[in-house]
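User: Could you take a close look at the salt bridges here and walk me through them? I'd like the cut-offs along the way, please.

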Amino acid sequence: MPSIAAIRSSPTSIDVSSPQKRRLRSNSALLDEQICKSPPLKASSSPLKSKSPRRCVEDSPNRSRTDVDKGVVSDNLTKMRKSPKKKLLDVFLDKPIWNPTDSEQLSAVKEALHVSTAPSTIVCREDEQKRIVDFCKQSVEQEKAGSLYICGCPGTGKSLSMENVKGSLAVWAKETGGQLPEILAVNCTSLSSTSEIFNKILGKIQPHKKLNARSSSLRQLQQLGSQNQQTPGMKMMLVIADELDYLITKDRVVLHDLFMLTTLPFSRIILIGIANAIDLADRFLPKLQSLNCKPMVVSFRAYSMDQIIIILKQRLMALPYTVFQPQALELCARKVAAASGDMRKALGICRGAIEMLETELRDSTCTSTFSSMVRVDHMAIALSRAYKSPIVDTIQSLPQHQQIVLCSTVKLFRRGKKDTTIGELNKSYIDVCKSTLIPPVGIMELSCMCRVLGDQGILKLGQSRDDKLRRVTLQIDEADIIFALQGIRFFRNCLQ
C-alpha cells in the first residue's frame with residue numbers, strides 16, 4: 001500500500017483543464033477508500049525513502065508537530081514566513097480538522113467566505129486607502145472642494161475600501177476634534193435617471209427645504225456653489241458615487257456637470273467617483289482637464305496570487321478549525337489571479353469547493369479526518385465549473401483571427417465601454433495584429449467574422465446601413481475569454 005504522501009504527491013501541479021484532473025476526479029472515491037484503509041505510517045529506516053520535515057508537513061496538514069524533529073521544523077517554519085504561501089501553512093498546523101457534517105460549522109465557514117461578509121480588517125489595500133483618506137482630510141481641513149476618481153477591475157476592493165475610509169474619517173474627526181463631513185453614498189445603478197443624482201445631493205445639503213419646481217436641482221446646486229452663502233458650522237459634504245459607469249453610458253453631460261460642481265468658487269462638495277473604467281479621466285473629462293480641474297486618480301490593481309492567499313487566510317483565521325488544504329487555496333489563488341484577479345470570484349470558487357466536499361461525503365462512508373478537508377481535487381472541480389464552460393471550448397476552437405477579434409473586444413471594453421462599433425473594433429484589431437506582426441484581414445472580412453461570432457452567441461450586432469457603424473456588444477463573460485486564451489502566450493501578453 002503506498003503512503004499518503006505518495007498518493008498525493010505534488011498536488012499544486014494539477015492543471016484544471018488537463019487529463020490528469022479528470023483522472024483525479026474519477027478516482028476521488030477510490031483515493032478516500034485508500035486513505036481510510038491504509039495503516040498508520042511508520043518511520044522509514046531507509047535514508048533514501050525518508051522525507052524532509054517540510055515535505056511531511058505539507059503532505060499531512062493534520063499531523064502534530066511532535067511527529068517531526070522540533071528543531072528542524074522550527075527552522076523550516078521560520079523560512080516559511082518569508083512568503084504568504086508559506087505563512088499559510090502555519091495557520092493549519094495548530095488547528096483541528098473541521099467537521100463538514102456539523103451544520104453550525106458548515107454555516108460558519110460559508111458565511112466567512114461569502115462576498116457580503118465584510119472582513120474585520122481590509123488587507124492588501126492599505127496604500128490606496130491611505131491616499132483616499134489623506135485626500136479627504138486635506139479637503140476638510142482646508143475647506144476646499146475637490147474630486148477623486150477610483151478605478152479598477154471588478155472584485156478589487158474598491159467599494160469595500162470606501163467603507164473603511166468612512167470609518168477612518170470618523171476616527172480622525174473624533175481624535176482631532178475636527179468636523180466630520182456630511183456623507184452621501186449613491187449607487188448610480190439605483191437612479192431612475194442620471195440627473196436624479198443632483199436631487200439627492202441637493203436634498204442632503206438642504207434636507208428641510210422644498211425643491212424649487214422652477215429651477216432644476218443642478219441649477220440650484222450651481223447657484224449655491226457660485227455664491228457665498230456659508231453659515232456658521234456649515235459642514236463639507238462628501239459625495240461617494242459608486243458605479244459611475246452608469247452615468248458614462250447614459251449621459252456624458254451629467255458626468256461633466258457632476259464633476260464641475262467641485263470647481264465652483266464656494267463649493268463645499270468633495271466628490272469621489274468609483275467605476276471600472278481605467279482611463280475615464282482622459283477620455284470622458286476633457287473639459288475638466290482644459291479647466292485644470294482633472295480629478296485625482298487612485299487605481300486598484302487586480303489582486304495577485306499572494307494577495308488572494310493573504311485575504312483568504314485572513315477570512316479563515318477566525319475559525320477555530322482547519323477547512324482547506326493549503327495547496328487547495330494556493331491552486332485557487334493562482335488560477336483566479338491568472339484569469340482576472342477578482343476576489344469575489346475566488347470566494348465563490350472556495351464555496352463551490354466546499355460543496356464538492358459535501359457531495360463526496362454524502363456518497364462515501366469514509367470517516368478519515370483527512371477526507372474532511374477541502375482538497376486540491378475539490379478545488380480543481382470548482383475551478384473547472386467556474387471557468388470551464390461550453391463557451392470556453394468554443395472560443396478555444398475558433399480560428400486565430402476570430403480569437404484576435406475577441407481579444408481586441410476585451411481590451412476595448414476594459415476602458416469602460418459597454419459596446420463599440422465595428423469601425424472602432426477594427427482599429428483595435430489592427431493594433432493587436434501589428435504588435436505581433438500578424439497580417440490583419442480587411443474590414444469586410446472582420447465584419448463577416450463578427451457575424452459568425454454573433455451566430456454563436458458570443459457577440460451581439462446592432463443594425464445599421466453602414467457596417468462600420470454597427471454596434472458590437474459582448475454577450476459572454478470577459479473572464480471566459482481570458483480563461484480560454486490564457487494558455488497561449490500571444491494572447492496572455494495582449495490581455496495583461
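Analyst: Happy to! Because E330 and R334 are four residues apart in helix α17 (residues 326-339), about one helical turn separates them; helices are DSSP runs of H or I with at least four residues, numbered from the N terminus. Their side chains meet in a salt bridge, 3.3 Å from N to O, the term meaning a side-chain nitrogen of Lys or Arg within 4 Å of a carboxyl oxygen of Asp or Glu. E330 counts as buried at 17% relative accessibility, while R334, at 27%, counts as partly exposed. Here buried means under 20% relative accessible area, exposed over 50%, and partly exposed in between, with a 1.4 Å probe and protein chains only.

A word on the basis: this is a predicted model, where local features need pLDDT of at least 70 and side-chain atom pairs count only at pLDDT 80 or more, although totals for chains, interfaces and linings use all residues. Residues are numbered from 1 along each chain as its sequence is written, and side-chain values use heavy atoms, leaving out hydrogens and water.

Helix α9 (residues 158-176) holds both K166 and E163, three residues apart, about one turn of the helix. Their side chains also form a salt bridge, at 3.3 Å from N to O.

K110 pairs with E358 in a salt bridge whose closest N and O atoms are 3.0 Å apart. That pair links distant parts of the chain, with K110 in helix α7 (residues 103-112) and E358 in helix α18 (residues 343-362), 248 residues apart. E358 is buried, its relative accessible area being 18%.

Finally, a network of salt bridges links E360, R375 and D377. The whole structure has 12 salt bridges.

Notes: Helix = DSSP H or I, 4+ residues; strand = E, 2+ residues; numbered from the N terminus.
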